[in-house]
Amino acid sequence: MTTWPTGVRGLAWGADYNPEQWPEDVWAEDVELMRRAGVNLVSVGIFSWALLEVEDGRYEFGRLDRVLDLLHDGGIRVDLATPTAALPPWLTAAHPEVLPETVDGIRLSPGSRQSYCPSSPVYRAKAVALVRALAERYRDHPALAAWHVHNEYGCHVQRCYCDRSAVAFRDWLKVRHGTLDVLNEAWATTFWSQRYTSWEQVLPPRMSPSQVNPGLELDFDRFSSDALLELFKAERDVLREVTPGVPVTTNFMATSGFQALDYWKWAAEVDFVSNDHYTHGEDPERHVGLAFSADLVRGLAGGRPWLLMEHSTSAVAWQHRNIAKLPGELRRNSYAHVAHGADGTLFFQWRQSRAGAERYHSAMVPHAGPDTKVYREVEQVGAEYQRIAELVGSTVRASVAIVHDWQSVWAVSQPSHPTKDFDHPRHVLAHYRALWRAGVTVDFVPPGADLSGYRLVVLPALYLVDDASPYERYVEAGGRLLVTFLSGISDSRGHVHLGGYPGAFRDLLGVRTEEFHPLREAEQVSLDDGSTAAVWTEHLHATTAQVLASYVDGPLPGVPAVTRNDGGTGVAWYVACGLTGDGLDRLTATVLADAGVTGTGSATVEVVRRRGEVAGSAASWLVAINHGESDAELPAVGVELLSGERVAGRLVVPPGHVVVVREEP
Ligand code: GLA
């Protein structure tokens, strides 16, 4: 199986290219500017359904033929999109039933994009027919390097509640549960008189007078992720049949901010993983969110090469305030993805649109043209990427892992929990940030992954746990495990483990909690080690664990808040409260020291090592990015590839700068 766009030399570098928005005489200049900027891969045709299929079954490929020929003549490879994420008006007008319905029964209108019901047979049939026509048309086109299926599944519509979705949901439930009795048990339908006596009674979790059954909600989340995945697979299977050697991807949104899809399942279905990531201009630590996303994507890729399919050269068009990037920022952002393992970085988009909803979104070629900060920086990075082409194929190894489980995120984010202040993505990011500040590289792994290679494993609110024994074995064998509150509370149906929280992990952690004590809005409690906590506390008893810190005030003075339990040759820590800022950094430092992990970077300088081969021999590279405001010294011996200079022990990295050192042993 081909696992990378074919014919791309070195790191992939380019953008979404939407030439259909421009008169044809602009295209030649596009290719000329792409060549100047070192572009070698563009995603073409993502939103061009209405132009490619002008009416039902009538395809017009002439424009796309000319675009692909031009790109090929310019030496630029094409990641050809299936344009199924934005439906043409002829389709929605003729078949309004393809449109999705919201939780409160409103049918969404066309007029933007992604207005489709994932379970609509009409939508699926039309999409698959178009994909087949496209694949047959371009199967032998020499520019074709990869398929870009659809665009950001679930970006705008994650769940559809229409009658057709209800039918598909029931089919999905029959496969999952087999019988209604099992479903009734799983959803605890004895509560509030919800017992079902026929499948037809089961509906999506539509707007209802009060809290909806949590089992129904959780299964609908699972179904909704799977329904979109089925759509992807339907398109992919056609592409694999017609163009077997051409790799297929779809651009994920594996970021802290998007949690609607179970990407562990999705990652298994693509030939290579690609991802979109956008920073939030108002977040002073936006580079940490970027690193989080890149590490998560590397985990999804599972050792295979991966591509950053989209980020922005400067401002986006969908935040409250669309802040322009500072000089050097697009460069740092690009290198950060590469540092964390990407074999290429592309932007949305090539040329900034004159019109349309995203006309103020930045691009590689801005409205002001190539004589701009943005295009010059684009040219600079494009040229530099050619100097670091040897990084392609190298990988990143980490000694710390975070277990991430989208299904736990869905379950713990339901409204019927002890507090609405708990924000799972923010919680995971807080723990990730503490590790990032300690300069440590982190892997993300799914529940059930082999943990034996890690010195430290973090379980941040791993809520759904049927069986804790893999974690018990890990600690028994010497592993260090850090578990946070709201872990191990329920089985995979969402039923609470009895006998005291955190049920599945009670023995491993040597604790027993009798009651949760979420805090009031803005309330902070103090711990006797100088830390503070917000959002969450619990009435915890240490059974075999050693108490590391207890509350000095708040609802539970004297009660343990942070514990450590030795088991076998390993250690299991429990953080039973929402530790904030310094306290979390200090605890993280303690745990890392105990696990024998030292960081490669610092709180301001991001340093990641990639390992691979050069000319058949083992090689390694340090990619360092100085996010701070003063010079940083990097211990290194080797060659700094961007400048070509030798490094004999120490290298100064000025603020805002990036270096890539090929290390010498
Ligand atoms: C997403 C989409 C693109 C574009 C960008 C804007 O990533 O895939 O089509 O809308 O956002 O940031």
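Select helix α1 (residues 24-36) and helix α3, where E24, W27, A28, V31 and M34 of α1 meet R63, R66, V67, L70 and L71 of α3. Contact here means heavy atoms within 4.5 Å. Helices (H or I, at least four residues) and strands (E, at least two) are DSSP runs, numbered from the N terminus. The model is predicted: local features need pLDDT of at least 70 and side-chain atom pairs count only at pLDDT 80 or more, while totals for chains, interfaces and linings use all residues. Residues are numbered from 1 along each chain as its sequence is written, and side-chain values use heavy atoms, with hydrogens and water left out.

The axes of α1 and α3 come within 10 Å and cross at roughly 25°, which makes α1 roughly parallel to α3. Axes are lines fitted to C-alpha atoms, for helices over the stretch in contact, and angles run from 0 to 180 degrees between N-to-C directions. Angles under 35 degrees count as roughly parallel, over 145 as roughly antiparallel, 65 to 115 as roughly perpendicular and the rest as oblique. The α1 and α3 crossing is right-handed; a crossing is right-handed if the near helix is turned clockwise from the far one by less than a right angle, and left-handed if anticlockwise. The residues of this contact divide into seven nonpolar, no polar and three charged. Ala, Val, Leu, Ile, Met, Phe, Trp, Tyr, Cys and Pro count as nonpolar, Asp, Glu, Lys and Arg as charged, and the others, Gly among them, as polar.

L64, D65 and L68 of α3 make the contact with L134, R137 and Y138 of α5. By class, this contact has four nonpolar, no polar and two charged residues.

**The nine-stranded sheet**

Now show the open sheet of nine strands, ordered β7-β6-β5-β2-β1-β11-β10-β9-β8 with parallel pairing. Two strands pair if DSSP finds at least two bridges between them. At the edges stand β7 (248-249) and β8 (251-252), each with a single partner strand, so one side of each is left without a neighbour in the sheet. Helix α5 (residues 121-138) packs on this sheet, touching β5 (77-82) and β6 (144-149), and its direction makes about 160° with that of β5.

Zoom in on β1 (residues 12-17) and β11 (residues 342-347), which pair in the parallel sense over four bridges. Which residue of β11 is the bridge partner of A12? Select G344 to see that partner.

Select α11 (residues 329-339), which lies across β1, β10 (306-310) and β11, running at about 145° to β11. Helix α11 also lies across β12, β25, β26 and β29 (658-663), at about 145° to β26.

On the α11 side the contact is made by E329, L330, R331, S334, Y335 and V338, and on the α12 side by V374, E377, V378, Q380, V381, E384 and Y385. The residues of the α11 and α12 contact divide into seven nonpolar, two polar and four charged.

**The six-stranded sheet**

Next, show the open sheet of six strands, ordered β12-β25-β26-β29-β27-β28 with antiparallel pairing. Its edge strands are β12 (395-396) and β28 (645-653), each pairing on one side only. Inspect β25 (residues 605-614) against β26 (residues 617-626): the two run antiparallel and are joined by ten bridges. R610 stands opposite W621 in β26.

**Backbone stops**

Go to F348 and Q349, joined by a cis peptide bond with omega about -5°. Q349 lies in the loop between β11 and α12. Another cis peptide bond runs from Y501 to P502, with omega near -10°; P502 sits in the loop between β16 (480-484) and α16 (506-509). Then select S193, a residue other than glycine with a positive phi, near 55°. S193 is in the loop between α7 (180-186) and α8 (214-242).

**Whole chain**

Finally, zoom out to the chain, which has 17 helices and 29 strands. Its C-alpha trace spans about 75 × 75 × 45 Å along the principal axes.
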